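Biologist: I am new to this structure and would like to go through it step by step. Could you begin with the surroundings of the ligand?

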Amino acid sequence: MQPVIVQNLSKIYHSKQRQGLFKSSRREVHALKNVSLEIREGEIFGLLGPNGAGKTTLIKCLTTLLLPTSGRAWINGYELTKEDDAIRATVGCMLMGERGLYWKLTGRENLVFFGALYHLPPAERKRRANEIIERLNLGEIADRTVETYSSGQKMKLAFGKALINDAPLLILDEPTNTLDVPSARELRAMVRELNQEGKTVIYTTHIMAEAETLCDRVAIIDKGRVIASGTVAELKESLGQETVIRLEGVIPQQASEAVRELSGVSQLAVTAVNGHNLLTIVTPNQQHLLPQLIHTLTTHGAILRNITPQEVTLEDVFIAHTGRTLAEDTRE
Ligand SMILES: Nc1ncnc2c1ncn2[C@@H]1O[C@H](COP(=O)(O)OP(=O)(O)O)[C@@H](O)[C@H]1O
Ligand SMILES: [Mg+2]
């Protein structure tokens, strides 16, 4: 059985928009547009996309917190909107990070409380809470109120909360979002370990490297649509003959615009790094383009610091499809 099947799922948010003091208008945000996915048993499936792509909306729909506008989905064989209780019982979920915890309760009390929401019998709740505390190394802080925790400790507990019902499917929405580098690495190691024990994992992120290192298969999502999906290798191969050149330096806008006009440039994205600009260029013909590129940039006033032909990354797949980088916020 496929743990998750999603068919043509769409979600439209209706929100009021204030216009002046007394007037307001209705606004529609199409957060998901005909999303279809299949997730296989035992895999770590990544949902990669920039802020505003629709990742959280999709996770909220799949965990029954939000009603989709149209489309169908089956989670662990149960149909969404028809068998929601059964879905909730078979999914462990981390959403909203630390905001999903009760700060006036201790870590242990939080776990026991959420165990009760899953209708675990009292002895079972306690046993599961103990197991999670041990597994995540939370022993020293488990009996302190959550408000005294560091941000990293709160995130760890929020992760532990997703394990309380020992569900076969774990859905984690940007679990490393506020973590420092070592804590993020530790959390990913735990995700791998749980996966090796047989759990299927859905993992959302806007960080390309996380998806590359952690996930068996990835769906790249942008503005509510799945624009590409497959294994990391398949996605990279989907660029075919295209290669990537990165140029760093002080690059005025007119220079990058001139590059955009060159015939060998199939996509171009500009990012700012420490007062420099970074141009990422996708091209089918690197050898031919490079001299032209340097000429065009320098005649338009660019000062180049660094030029590196690069191996294709998942981010480049995103750039090739959208002309934007993953760092760009697309929230409406
Ligand atoms: N409650 C809401 N009402 C209106 N628009 C929303 C709401 N929640 C999210 N959105 C919009 O829906 C889009 C997708 O958001 P979200 O699912 O949070 O993306 P992601 O998790 O990938 O950053 C964004 O444009 C966002 O601004
Ligand atoms: Mg989100």
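Modeller: β1 (4-19), β2 (23-39) and α1 (55-62) each give at least two residues to the shell around ligand 1, where helices (H or I, at least four residues) and strands (E, at least two) are DSSP runs numbered from the N terminus. This is a predicted model, in which local features need pLDDT of at least 70 and side-chain atom pairs count only at pLDDT 80 or more, while totals for chains, interfaces and linings use all residues. Residues are numbered from 1 along each chain as its sequence is written, and chains are lettered from A and ligands numbered from 1 in the order in which they are written.

Biologist: Which element supplies the largest share of the shell around ligand 1?

Modeller: The shell draws on β1, β2 and α1, each with at least two residues. The largest share is three residues, and the element that supplies them is α1.

Biologist: Which residues come nearest to ligand 1?

Modeller: A residue counts as near if its C-beta atom, placed from the backbone, lies within 6 Å of the molecule or strand. There are 14 residues around ligand 1, and those that come nearest are Y13, A31, K55, T56 and T57.

Biologist: How far apart are the centres of domain 1 and domain 2?

Modeller: The chain is divided into domain 1 (4-236) and domain 2 (241-311), with bounds that come from an automatic or database domain assignment. Taken over C-alpha atoms, their centres are separated by 37 Å.

Biologist: How many helices and strands does the chain have?

Modeller: The C-alpha atoms of the chain fill a box of roughly 75 × 50 × 45 Å along the principal axes. Its secondary structure comes to 14 strands and eleven helices.
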